[in-house]
Amino acid sequence: QVQLVESGGGLVQPGGSLRLSCVASGSSFSINAMEWYRQAPGKERELVAGITRGGSANYADSVKGRFTISRDNAKNTVDLQMNSLKPEDTAVYYCYGNIFLSGRYLEVWGQGTLVTVSS
């Protein structure tokens, strides 16, 4: 079994920064793509950023130039650096991993971490 655990959420003022982290725990697995999603109240979950095992990243238009995704394959972690935060970035942020375990691919989600951008 593999688990993803996020950390780093909280309350920040508009224009501020936060760094989210996600770590995968378990044994005998490898992680392909890792992604960050978010879900704001009353809205559907949306992709924020993704990164391949090789380090190629993609971003939602709404966060390009403000957010940076990175990963450490040796530590099984993925981070999301969020700068110039706006109130519309307020949401629960979820970590997602496409994980190879015991001969099959699994879609694994974290429990989510709340980011609130407000003055």
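**Entry 1**

I started with Tyr105, which is exposed, its relative accessible area being 55%. I kept in mind that I'm looking at a predicted model. The cut-off for exposed is over 50%, so Tyr105 makes it. Next I looked for aromatic pairs and got 4 of them. One is Phe100 with Tyr105: the ring centres are 4.8 Å apart and the planes sit at 55 degrees, so I wrote this pair down as tilted. Phe100 has 31% relative accessibility, so it goes in my notes as partly exposed.

Which residues do ring pairs link into a cluster? I found Tyr37, Tyr96 and Trp109. Trp109 came up again when I checked Arg45, which lies over the face of that ring at 4.7 Å from its centre. Arg45 also lies over the face of Tyr94, and there the distance to the ring centre is 3.8 Å.

**Entry 1: Leu11**

I went to strand 2, residues 10-12, to find Leu11. Is Leu11 buried or exposed? I noted a relative accessible area of 65%, so Leu11 is exposed. Skipping neighbours within four places in sequence, I got contacts from Leu11 to Thr116 and Ser118. I also checked Val117: Leu11 and Val117 are 106 residues apart in sequence, yet their C-alpha atoms are 5.9 Å apart in space.

**Entry 2: Salt bridges**

How many salt bridges does the structure hold? I got 5. I took Asp79 and Arg19 to begin with, whose side chains meet at 3.2 Å, N to O. This pair links distant parts of the chain, with Asp79 in strand 8 (residues 77-82) and Arg19 in strand 3 (residues 18-25), 60 residues apart. Asp79 has 15% relative accessibility, and the cut-off for buried is under 20%, so Asp79 counts as buried. Arg19 is partly exposed, at 40%.

Then I turned to Arg38 and Asp89, which form a salt bridge at 2.9 Å, N to O. They also link distant parts of the chain: I found Arg38 in strand 4 (residues 29-39) and Asp89 in the loop between strand 8 and strand 9 (91-101), 51 residues apart. Both Arg38 and Asp89 are buried.

My last stop was Asp61, in a salt bridge with Lys64, where the closest N and O atoms are 3.1 Å apart. Asp61 is exposed, at 65% relative accessibility.

Notes:
Residues numbered from 1 in each chain as written. Predicted model: local features only at pLDDT ≥ 70, side-chain atom pairs only at ≥ 80, totals over all residues. Heavy atoms only, no water. Phe/Tyr/Trp six-rings, centres within 6.5 Å; stacked < 30°, edge-to-face > 60°. Buried < 20%, exposed > 50% of the residue type's maximum accessible area, 1.4 Å probe, protein only. Lys NZ or Arg CZ within 6 Å of the ring centre and 35° of its normal. Helix = DSSP H or I, 4+ residues; strand = E, 2+ residues; numbered from the N terminus. Contact = heavy atoms within 4.5 Å. Salt bridge = Lys/Arg side-chain N within 4 Å of Asp/Glu carboxyl O.
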